[in-house]
Amino acid sequence: MTNKQLILWMLVAMIAPTIWGSTYIVTTELLPPDMPLIASTLRALPAGILLVLIGRKLPKGIWWVRSIVLGILNIGGFFYCLFVAAYLLPGGVAALVMSCQPIIVMILGALLFKDPLNLRQFIACAIAAVGVAMLVLEPNMNLPVQGVIAGLIGAASMATGIVLTKKWGKPADVNLYTFTGWQLVVGGLFLLPIGLVQEGLPSNLTVDNIIGYSYLSIIGALFAYIVWFKAIEKLPVVTVSFISFASPISATLLGYFILSQRLTMSQTLGAVIIVLAIVISQVQLFKKSSSNFNLEPSLNKKIS
């Protein structure tokens with residue numbers, strides 16, 4: 001893959017976390033209050049059912065187990081832990097806890113793909129965590145242990161899902177839309193009973209509620225996850241995990257432009273630091289890509 005192709009796929013990959021960063025503003029402005037699990041269920045399940053109906057294929061053999069595992073890790077379990085953390089932790093601390101995800105991906109990548117652990121990427125992750133802290137933290141916070149644990153489990157769930165998605169790929173005779181649909185259905189079914197028990201169904205739906213749920217399902221799930229899984233196919237898992245840092249940047253900028261929330265100098269600097277960390281983490285990848293690209297003419301010459 002050339003550097004231009006690498007940059008292109010990184011930009012494509014950023015679409016998904018950028019969309020996910022809009023979830024907060026859609027939830028607070030358009031959805032019924034205090035029903036995050038039902039929102040997550042309605043975000044995943046209808047989109048998943050639609051994709052499965054279009055694809056008209058169900059998993060076969062080992063892919064039943066793999067689809068259940070990936071659906072829980074990437075969507076159902078991740079969403080549940082994320083919302084538990086968001087309820088228990090003040091402000092944006094959940095985003096800071098989740099910033100450990102690239103480290104987990106690096107460790108799992110070393111175990112499953114024999115990729116050597118990269119010191120530069122560990123340093124970049126630490127820098128990104130500082131950037132996230134500057135972006136989302138507020139002073140005088142008390143951190144419940146349960147919330148921190150939920151955030152860490154959520155980060156581990158998503159990280160494991162990313163690595164296993166890369167390792168297993170998808171069945172050769174199944175397109176990306178159907179593969180995405182399987183996982184969304186599993187994630188939605190995982191969340192459905194928990195949401196019904198803890199929150200119940202909305203008593204009535206306004207036009208704003210319908211617009212909000214439709215956006216989360218069609219754009220936030222169906223479109224965003226297709227893009228996300230395609231990026232996982234094309235890019236190294238560590239690259240994908242670092243790109244997820246675009247989500248808190250997106251949430252902060254949307255709050256600034258749409259809700260007129262004040263963007264402090266610290267938040268601006270934090271966003272810049274996150275972008276810098278992403279660049280630092282991928283320097284070696286760009287060098288390898290450039291090296292492979294430069295070798296191609298000489299190899300072609302020898303072959304001819």
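**Exercise 1.** Does N209 count as buried or exposed, and at what relative accessibility?

*Solution.* The model is predicted, with local features needing pLDDT of at least 70 and side-chain atom pairs counting only at pLDDT 80 or more, while totals for chains, interfaces and linings use all residues. Residues are numbered from 1 along each chain as its sequence is written, and side-chain values use heavy atoms, leaving out hydrogens and water. Buried means under 20% relative accessible area, exposed over 50%, and partly exposed in between, with a 1.4 Å probe and protein chains only. N209 has 8% relative accessibility and therefore counts as buried. Its place is in helix α10, where helices are DSSP runs of H or I with at least four residues, numbered from the N terminus.

**Exercise 2.** Find which residues touch the most other members of the largest nonpolar core.

*Solution.* A nonpolar core is a set of buried Ala, Val, Leu, Ile, Met, Phe, Trp, Tyr and Cys residues joined through side-chain atoms within 4.5 Å. Among the 63 residues of the largest one, L184, Y225, W228 and L235 touch the most other members. Helix α10, residues 207–234, gives the most to this core, with nine residues.

Technical notes: Helix = DSSP H or I, 4+ residues; strand = E, 2+ residues; numbered from the N terminus.
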